[in-house]
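Here is the note you asked for, written to be read beside the coordinates. Please keep the structure open while going through the points.

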Amino acid sequence: MEKEWETLRAWKERMEQELDRVVAFWMEHSHDQEHGGFFTCLGRDGQVYDNLKYVWLQGRQVWMYCRLYRKFQRFRRSELLDSAKAGGEFLLRYARVAPPDKKCAFVLTQSGLPVKVQRTIFSECFYTMAMNELWRVTGEERYQNEAVEMMDQIIHWVREDSSGLGRPQLPGTPAAESMAVPMMLLNLVEQLGEADEELAGKYAELGDWCAQRILQHVQRDGQAVLENVSEDGKELSGCLGRHQNPGHALEAGWFLLRHALRKGNPELRAHVIEKFLLLSFHSGWDPEHGGLFYFQDADNLCPTQLEWDMKLWWPHSEAMIAFLMGYSDSGDPALLHLFYQVAEYTFRQVSTAPLSLESPW
């Protein structure tokens with residue numbers, strides 16, 4: 001047990017070092033001092049190779065700066081807060097395509113002109129997260145008003161009338177539900193409800209609805225987590241129905257673990273660990289070369305996505321979060337073992353810094 005804790009402490013120190021290094025990189029290279037907002041197309045040397053600004057990434061960076069400022073004493077620095085506020089003001093000025101309408105652009109020019117709109121809710125979700133965190137660190141109600149108004153608009157699009165997204169209702173389009181939609185809404189329920197009894201109560205039913213919709217993606221008698229299902233929770237035909245995304249399933253898993261913790265539901269926690277963490281990981285892990293495949297087909301046919309066998313960094317980040325969270329909640333050492341497995345692969349293959357930690361397993 002002592003060796004296990006030593007290894008965990010060593011990984012904690014490694015993660016802290018990586019976090020400091022990453023934050024310093026983005027603080028130095030990503031800020032647009034002329035127009036505001038952040039550059040996100042950066043080479044490893046920090047050079048900007050495209051000055052387009054993706055709204056969801058702008059929102060994520062504002063959220064991250066604010067969360068670090070709020071949660072960690074070593075990041076309680078004025079330059080971090082000032083950068084977050086500048087990024088938030090850029091979003092307020094330019095993210096929405098035609099104010100007062102709420103629809104946000106997907107991508108903007110460097111100066112903030114809209115380039116492209118996606119017929120989804122995801123730019124708006126990250127806009128909401130950014131505004132809520134800005135309110136938490138500044139106390140300025142205008143940010144919170146933006147967050148709640150956008151949240152209510154997203155709920156309207158998802159549960160009542162999606163026509164405002166601009167997606168045409170074609171007669172041949174299957175009535176499908178992507179797991180990403182209830183996932184993101186569940187994440188927003190936690191974000192807005194944190195230490196806020198009024199909003200936690202307002203969105204409590206929505207959180208339960210999201211969890212139920214995500215759980216419908218466990219199909220084939222519990223042997224597969226599918227990315228898309230019908231609106232009534234059945235498997236769809238064809239490639240769309242067989243499509244699997246291991247990283248998304250693991251991410252949904254830790255969102256559901258947080259929900260189970262808030263609800264005090266150990267049965268849900270156990271189900272999530274079994275289906276969204278363990279099943280998704282073991283089916284998605286490459287037994288020959290290691291790493292998580294980007295996409296899979298539930299019948300082991302060739303996925304239609306040409307990049308299906310790539311090993312992207314983000315599914316491995318989601319896996320590390322999920323396994324640490326599962327271990328923290330359950331105490332199951334098998335989950336800690338899987339964290340080590342993913343962490344060692346990720347830092348060996350993705351990180352540019354040397355890996356010097358050994359697992360006790």
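This is a predicted model: local features need pLDDT of at least 70, side-chain atom pairs count only at pLDDT 80 or more; totals for chains, interfaces and linings use all residues.

1. The protein is divided into two parts, with domain 1 covering residues 28–160 and domain 2 covering residues 175–353. Taken over C-alpha atoms, the centres of domain 1 and domain 2 are separated by 25 Å, and the contact draws 24 residues from domain 1 and 19 residues from domain 2.

2. The size of an interface is often given as the accessible area lost when the parts come together. Between domain 1 and domain 2 the buried area is about 1800 Å², and carbon and sulfur atoms give 62% of that area. On the side of domain 1, the residues that lose the most area to domain 2 are Arg136, Met151 and Arg159, which together account for 30% of what that side buries.

3. Five salt bridges are counted between domain 1 and domain 2, and eleven residue pairs across the interface are found in polar contact, with both residues at pLDDT 80 or more. As for the elements involved, helix H2 (55–71), helix H4 (122–138) and helix H5 (141–159) each supply at least two residues of the side of domain 1 that touches domain 2. By class, that side of domain 1 has 13 nonpolar, three polar and eight charged residues.

4. Which residue forms a salt bridge with Asp152? The partner is Lys202, and the closest N and O atoms of the pair are 3.0 Å apart. In the structure as a whole there are 28 salt bridges, including one between Glu194 and Arg67, where the closest N and O atoms are 3.8 Å apart. This pair links distant parts of the chain, since Glu194 sits in the loop between helix H6 (180–193) and helix H7 (197–202) while Arg67 belongs to helix H2, the two being 127 residues apart.

5. A further point concerns an open sheet of three strands, arranged in the order S3-S4-S5 with antiparallel pairing. Strand S3 (53–54) and strand S5 (114–116) stand at the edges and have a single partner strand each, so one side of each is left without a neighbour in the sheet. Strand S4 (residues 107–108) pairs with S5 in the antiparallel sense over two bridges, and the bridge partner of Leu108 in S5 is Pro114.

6. Pro99 and Pro100 are joined by a cis peptide bond, with omega of about 10°, and Pro100 is placed in the loop between helix H3 (78–94) and S4. Arg220, in the loop between strand S7 (218–219) and strand S8 (224–225), has a phi near 55°, which is a positive value in a residue other than glycine.

Notes: Residues are numbered from 1 along each chain as its sequence is written. Side-chain values use heavy atoms; hydrogens and water are left out. Domain bounds come from an automatic or database domain assignment. Contact means heavy atoms within 4.5 Å. Buried area is the accessible area (1.4 Å probe) that two parts lose on being put together, summed over both. A salt bridge is a side-chain nitrogen of Lys or Arg within 4 Å of a carboxyl oxygen of Asp or Glu. A polar contact is a pair of N or O atoms within 3.5 Å; within protein, one must be able to donate a hydrogen and the other to accept it, and residues adjacent in sequence count only if both atoms are side-chain atoms. Helices (H or I, at least four residues) and strands (E, at least two) are DSSP runs, numbered from the N terminus. Ala, Val, Leu, Ile, Met, Phe, Trp, Tyr, Cys and Pro count as nonpolar, Asp, Glu, Lys and Arg as charged, and the others, Gly among them, as polar. Two strands pair if DSSP finds at least two bridges between them.
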